[in-house]
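Here is a short briefing for a first look at this protein. Take a moment with the sequence and the model before reading on.

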Amino acid sequence: MAFQALLGKRVLLVIGGGIAAYKALELIRLLQKAGAKVRAILTQAGAQFVTPLSVSSLTQDQVYRDLFDLTSEAEMGHIQLSRDADLVVVAPATADLMAKATHGLANDLASTTLLATDKRVLMAPAMNVRMWEHATTQRNLKQLSKDGVLFVGPDAGDMACGEYGPGRMAEPAAILAAIEDCFASESSGVLPASLAPQPLAGRKILITAGPTHEPIDPVRYIANRSSGKQGYAIAAAMSELGAETVLISGPVQLPNPVGVKVVRVETAEEMLKATQKQLPVDVAICAAAVADWKVDRQSDQKLKKSKGAPTQLSLTENPDILKTISHMKKKRPKLVIGFAAETEDVVKHAQEKRARKKCDWIVANDVSPGTGIMGGDHNTVHVITEDNVDDWPSLSKEKVAKKLGEKIAAHFAPSSKAKKDRVESVRV
Ligand code: CTP
């Protein structure tokens, strides 16, 4: 069924300059096997990695390379080249090609084609991990997604340059599957989640993360074991899904997630103030392990044993950030999500917490010492909404973050809003 989606389709493949260009040859073969016709544009840099002869032998057509090639222009102008296709695929899509496409540069055949086309464009990015994670590339990715460009990959893994991380071009079979999804979705009108342009683009999302430190004196403080890993992973995932993301972070040893504005604070009071300063936002996710108490009267000087150190500390309760923003009248975010760190009766306590704090969803996790969740890399959560409890399996904190991002995107998706509106109109 999926293969039929490609029968007789004309794919214009733009091969950029990167070590992954060799995979484009395999992609041509797979496309042809599936019944598609492939035309190829090879950039100057691309020709450093694969020869025009190997590309044209596979496509059984000339390889289009030069914007000012009179012969090609006489046979087929570059505008027609881009229009003649049913889909334009860029593989590998280098940082340079992405940047040119973002800004509408048209100084060679590949970039001119991307600007001139009236067809869907699917990019398979491939570049060094630092280049992929660079704020500029991430900004370009967001803009291109907003403009309707679809993406497949990149994958994470060992890279040709010896580094490790995201930046490896998706495998030809995965690109083929994405191309099939493109064509299949044209008839259904529904874009598969794997190709959806960043679904949280245009949303502002705030996340609190990490512990807070509540000073006792200039050198001592009250803290907890939160590592901040889950909150940081959530911020990274929201940004990847296109949201303008602000992370209000307590003291942790983690680098700033790519594309995220990070505000570092120390105490619960500071976290509340920094949070309020960022409002309004569409979504607030309170993942911080805020200290429940602060010391009543912090000493300006280091407390000395000799002066008779206090045998008791007098504590007062800290402001509850989640509760405060959930109860806001004017600037309440459309969706407020809390976390519940529990050590027994996890779901029951979390449900009570959701009701007490008046947040919309609560993500419950068992933080008993044996679970290894506090400070660990995995999490087992239950996502509790007004009328549902979703038990997720044990996942890496990154996967939990991504799944949560997808759930938020689905919540805001037009189809689910229409459904919600219908339900509400029935209720009225
Ligand atoms: N929270 C908050 N401000 C606080 C305390 C908690 O924003 N001063 C938020 C946390 O970020 C989390 C949720 O409230 O989203 C629940 O935190 P948790 O520590 O599980 O619950 P507590 O409110 O501290 O209640 P208890 O310690 O009694 O379980």
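Where does aspartate 345 lie? Aspartate 345 is in the loop between strand 16 (335–342) and helix 13 (346–357). This is a predicted model: local features need pLDDT of at least 70, side-chain atom pairs count only at pLDDT 80 or more, and totals for chains, interfaces and linings use all residues. Residues are numbered from 1 along each chain as its sequence is written, and side-chain values use heavy atoms, with hydrogens and water left out.

**Overall layout**

- The protein chain holds 15 helices and 21 strands. Helices (H or I, at least four residues) and strands (E, at least two) are DSSP runs, numbered from the N terminus.
- Along the principal axes, the C-alpha atoms of the protein chain fill a box of roughly 90 × 60 × 40 Å.
- Of the 428 residues in the protein chain, 48% count as buried. Buried means under 20% relative accessible area, exposed over 50%, and partly exposed in between (1.4 Å probe, protein chains only).
- Two domains are assigned: domain 1 (4–195) and domain 2 (204–297 + 312–420). Their bounds come from an automatic or database domain assignment.
- The centres of domain 1 and domain 2, taken over C-alpha atoms, are separated by 39 Å.

**Positive phi values**

- Aspartate 345 has phi near 40 degrees, a positive value in a residue other than glycine. Aspartate 345 counts as partly exposed because its relative accessible area is 49%.
- Glutamine 60 also has a positive phi, near 55 degrees, and is not a glycine. Its place is the loop between helix 2 (52–59) and helix 3 (70–75).
- Glutamine 60 has 73% relative accessibility, so it counts as exposed.

**Cis peptide bonds**

- The bond from alanine 91 to proline 92 is cis, with omega near -5 degrees. Proline 92 belongs to strand 3 (residues 87–93).
- The bond from glycine 153 to proline 154 is cis, with omega near 5 degrees. Proline 154 sits in the loop between strand 5 (150–151) and strand 6 (155–158).

**A nonpolar surface patch**

- Ile19, Tyr22 and Phe49 form a nonpolar patch on the surface, with about 340 Å² of accessible area together. Accessible areas come from the Shrake-Rupley method with a 1.4 Å probe; for residues, only the protein chains shown count as cover.
- Patches are made of residues with over 30% relative accessible area and no salt bridge; like charges are joined within 9 Å, nonpolar side chains (Val, Leu, Ile, Met, Phe, Trp, Tyr) within 5 Å. A salt bridge is a side-chain nitrogen of Lys or Arg within 4 Å of a carboxyl oxygen of Asp or Glu.
- Isoleucine 19 is in the loop between strand 1 (10–15) and helix 1 (21–33). Isoleucine 19 counts as exposed because its relative accessibility is 53%.

**Charges over rings**

- Arginine 203 lies over the face of phenylalanine 412, at 4.1 Å from the ring centre.
- The charged end of lysine 407 sits over the ring of tryptophan 361, 5.1 Å from its centre.
- A charge sits over a ring if NZ of Lys or CZ of Arg is within 6 Å of the ring centre and within 35 degrees of the ring normal.

**Serine 306**

- Serine 306 is in the loop between strand 14 (293–295) and strand 15 (315–317).
- Serine 306 has 71% relative accessibility, so it counts as exposed.
- Serine 306 and lysine 348 are 42 residues apart along the chain, and 48 Å separate their C-alpha atoms.
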